[in-house]
Amino acid sequence: MDKPQAIVIGAGFTGVAVAYDLAQRGLKVNVLERGPLVNGTSGRTHGLLHSGARYAVDDQESAIECIDENLILRKIIPQVIEPNGGLFVALNESDMAYREAFIQGCEDCHISIEELTPRQTLALEPNLNPKLITAFKVPDGTFDPLRLAMGFAASANAYGAEFHLFCELQDFILDGMGNVKGVQYLDRSSNQIKEIHADIVINAAGVWAGEVAGLAGNIDLPIKPTPGVMVAYDQRLCQRVINRLNEPGDGDIIVPQRQMITVGTTSFEADNLDYIPVFDDQVQLMFERGCELIPAIRYTKERGAFMASRPLLDSGTKGRSLTRTFKCIDHKESDNVDGLVTITGGKATTMRLMAEKTADLVCQKLGMHVSCQTAEIPILSYRKFHLAQNREVA
Amino acid sequence: MAEHPQKPANLIKWFDPRNKSLGSWAFILNRITGLGLTLYLFLHLIMLGQLARGPEAYDGFIALVKHPIFLAGELLVVAAAFIHGLNGIRIGITSFGIAASKQKQIFIGLMTVATIAIIYFAIRMFTH
Amino acid sequence: MRDGFDVTPRLGEGAGLWFLKILTGFLVIVVLIIHLIVNHLIVEGGLLTYADVVHYYQNPIIPIMEIAFLIIVVTHALIGLRSVLLDLQPSNKVLRLINYGLVVLGVGSIAYGIWLVLVIVNRG
Amino acid sequence: MTQTWHVTYEIFRKKGDQPSHFDRFEMEVDPDEYVLDGIERIWAFHDRSLVFSHACHHSTCGACGMLVNGVEKLTCITSIRSVTKDGGVIRVQPMRNFPVISDLSVDMTDFYQRMESVGHQPVVTIGYEDSKGKFNTEDDLLRLSDCIECGLCISACPIAMTTPAYLGPAVLAGAQQSGDLNPCVLELVDSENGAWRCHSAYECTEVCPSNVDPAWRIMDLRKKLVSRRIKKFFGIK
């Protein structure tokens with residue numbers, strides 16, 4: 001019996017996780033990605049494995065997803081994670097005013113926190129601003145974005161999924177009824193137009209999901225691309241993730257990674273998603289806000305500044321208050337276009353859960369009764385990832 | 001999938017010092033002087049064969065090599081020997097993990113010694 | 001190469017040859033210094049005539065040292081030459097020929113050197 | 001405050017079996033932008049068929065290694081100012097010593113496999129020993145290791161240039177870093193295409209963007225291999 005065929009569009013975190021989940025459940029998966037693995041938003045994250053504490057006050061649905069998935073990812077893919085936890089640090093009265101809500105929110109979301117005295121905190125992180133008033137220990141972490149995706153992709157490979165990188169979607173192949181039957185794509189490495197047919201196409205194009213869905217008909221997706229800037233500095237000044245204990249805001253987080261730290265981030269709205277310039281004033285803002293938390297940043301060389309665009313779900317509000325949770329849309333239900341599912345929104349931390357929900361929907365549509373096992377199986381070494389082209393030769 | 005780009009024609013690139021760091025210059029110098037000295041070693045052995053042919057042959061040969069052109073050649077050999085030998089000391093000790101991070105400074109130091117020695121030998125040779 | 005490795009057993013430069021190269025290199029420097037001191041500083045003005053050379057070789061330490069020097073230099077030179085040839089990517093067959101060639105060359109030149117030294121010593 | 005420079009990108013192009021060539025793109029850039037930003041703009045606004053690899057844009061993933069004006073650079077942290085001048089040229093080529101997939105992108109599959117085989121640890125304790133010395137700590141905290149597997153060292157190595165079978169600096173450094181010299185790893189590194197093939201050109205350390213100092217690690221590996229052999233010779237365990 002032939003396996004049901006699925007095409008995943010986009011090899012960001014969502015795309016690779018969906019590919020892995022579907023392949024593991026027994027579908028034949030082809031992944032189309034117009035560039036290399038995680039070249040868009042996913043790659044350009046600062047690599048924070050969320051404990052959920054950041055959202056515990058304003059966005060509890062998202063916070064609960066984060067803490068659950070945080071614990072799962074630590075278990076299944078420790079090879080790409082710095083599991084050192086994080087701190088929420090209060091520096092002034094305004095920060096302290098947030099304290100009660102923070103404690104309550106974390107308790108509501110089952111995020112285990114521990115309050116530390118300034119002395120205890122400085123013993124853990126000597127480079128922190130010595131004027132700090134209080135701090136909370138949270139189970140944050142750091143991951144390597146490319147390797148996180150490569151790990152999932154390697155596991156997908158092992159179940160037979162093929163990755164077609166540098167293959168840009170040109171159009172959907174539709175049947176007479178306007179239902180999606182396959183895709184037509186440009187292989188950028190050979191400049192050839194190729195086709196694949198499938199039983200189902202999953203649109204996991206992140207901020208570009210709207211453009212992709214638009215190719216299948218008059219579909220409107222509730223995505224609000226919200227870019228933010230991040231600045232990396234040349235020294236590992238902290239061992240744990242440092243958050244500002246306050247409402248989510250610009251430059252409220254410092255993420256250590258390898259031998260550097262990254263300060264993030266801002267939040268605004270962008271026009272062109274393919275290229276978003278890095279604005280100097282935002283870099284300066286990150287520097288100033290970063291120095292508030294870790295004054296030694298002042299004496300540290302800037303290593304790089306970069307920009308990524310979050311695919312946030314539009315619920316009629318602006319920027320920071322947009323929800324960080326995700327949405328899985330069956331276009332048969334919403335737009336009467338069968339054979340196309342869109343998954344968007346979410347966080348890197350919740351990638352596996354997003355894939356699980358998407359795969360559940362896909363299996364239900366295809367009449368398959370297979371349950372998700374990705375929370376249990378360890379992910380293979382990221383170095384086992386290979387491209388479709390290599391497989392054909394080997 | 002694409003071919004590996006290496007072709008034997010690339011070997012000339014061993015000796016291409018453009019865009020290279022000091023370590024590569026050392027590598028290039030060591031390779032050139034090593035090959036040169038090997039060539040000299042065998043030429044030298046052949047020439048010393050004149051000794052077996054008796055006093056006239058050898059003394060005639062020595063008179064010949066006192067010509068400035070041969071002296072210049074001899075100076076090249078001396079220079080190569082100093083460069084190769086001194087750089088060899090650097091490679092030898094760093095190869096055992098000693099002072100590998102200081103290889104550049106060692107190279108500069110040793111090459112300074114080599115330059116002084118070469119100049120000394122040049123003056124000595126051409127003034128005698 | 002698909003697996004990332006060239007698994008065919010080859011006759012390349014392992015630890016042994018590498019160590020020998022470093023060791024002989026070091027010895028060359030030591031002996032060369034002695035050689036230079038003896039040739040140019042002790043024997044005033046250098047060994048420039050046939051008679052000088054023959055006379056020089058009458059001291060029994062000299063031929064022994066010269067032969068040792070020759071063996072060390074030839075070994076170092078040929079291992080070095082082989083390293084360079086290895087980087088030209090010879091096939092195993094060619095490499096085997098190179099190995100034989102280098103051994104013959106080395107043994108030949110050492111034999112020739114010993115013969116030459118004996119000739120000079122006997123002229124004394 | 002921001003300056004504008006006029007620079008010309010000369011980009012290596014190769015598609016399938018067609019012969020390679022260079023495309024020129026005249027650009028207005030801010031000299032403090034990174035080389036990769038310019039390449040991404042060329043893709044976004046001038047030529048959508050340009051193939052190049054990149055992911056994190058802050059030197060943690062190692063995807064964007066390229067040859068910039070003849071020197072191996074991690075393009076996401078290489079400022080335009082550091083490689084050219086106003087009115088100058090930025091010549092971008094794919095890394096050497098890897099098979100080219102297309103344009104600026106190379107196939108790292110073999111390289112990754114080698115890193116896997118020598119057991120390079122992607123996550124290490126924050127205490128470490130590197131060329132600058134030892135750093136011990138009581139903390140059992142972990143961090144991602146220094147090597148980002150960008151391949152720049154292999155591209156710069158003169159031995160890798162002529163000998164694809166040579167494991168290469170990053171792989172030997174990986175073996176040294178893992179510290180686990182089991183028989184399988186020994187067979188790879190204590191061999192002709194392993195640690196003994198290095199000719200001390202130190203180009204790897206010169207181009208490494210991530211504090212690995214591969215040359216030091218190769219030399220340290222040799223030290224370990226030699227002492228292992230000596231111990232074995234004298235029958236010491």
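Which residue of β8(A) is the bridge partner of A:L48? It's A:T142. The model here is a predicted one, so local features are reported at pLDDT of at least 70 and side-chain atom pairs at pLDDT 80 or more, while totals for chains, interfaces and linings use all residues. Residues are numbered from 1 along each chain as its sequence is written, with chains lettered from A and ligands numbered from 1 in the order in which they are written.

β3(A) and β8(A) run antiparallel and share two bridges; two strands count as paired if DSSP finds at least two bridges between them. Strands and helices are DSSP runs numbered from the N terminus, with at least two residues (E) for a strand and at least four (H or I) for a helix. The sheet they belong to is open and three-stranded, ordered β3-β8-β4 in chain A, with antiparallel pairing. Its edges are β3 and β4 of chain A, each of which pairs on one side only.

Seven bridges tie β10(A) to the antiparallel β11 (residues 180-187) of chain A. One bridge partner to look up is that of A:F172, namely A:V183 in β11(A).

Next comes α2(A). This helix has 17 residues and spans 24 Å from first to last C-alpha, close to the 24 Å expected at 1.5 Å a residue; the expected span is 1.5 Å times one less than the number of residues. Its buried residues are A:S62, A:A63, A:E65, A:C66, A:I67, A:E69, A:N70 and A:L73. Buried means 20 or more other C-beta atoms within 10 Å of a residue's own, exposed means 12 or fewer, and partly exposed is in between, with C-beta atoms placed from the backbone. These buried residues pack against β3, β4 (81-82), β8 (141-143) and α10 (351-366) of chain A.

Two loop residues are worth a look too. A:V57 lies in the loop between β3 (48-49) and α2 (60-76) of chain A, and counts as buried because it has 21 C-beta neighbours inside 10 Å. Leaving out residues up to four places away in sequence, A:V57 touches A:A101, A:F102 and A:G105; contact means C-beta atoms, placed from the backbone, within 7 Å.

A:R324 is in the loop between β18 (302-313) and β19 (326-330) of chain A. Its 24 C-beta neighbours inside 10 Å are why A:R324 counts as buried. Beyond four places in sequence, A:R324 touches A:Y55, A:D59, A:S62 and A:K347. A:D59 is 265 residues away along the chain, yet the C-alpha atoms of A:R324 and A:D59 are separated by 7.4 Å.

Finally, the A–D interface: 40 residues of chain D are in contact with 39 residues of chain A. On the chain D side, α2(D) gives the most, with five residues.

Technical notes:
Two residues are in contact if their C-beta atoms, placed from the backbone, lie within 7 Å.
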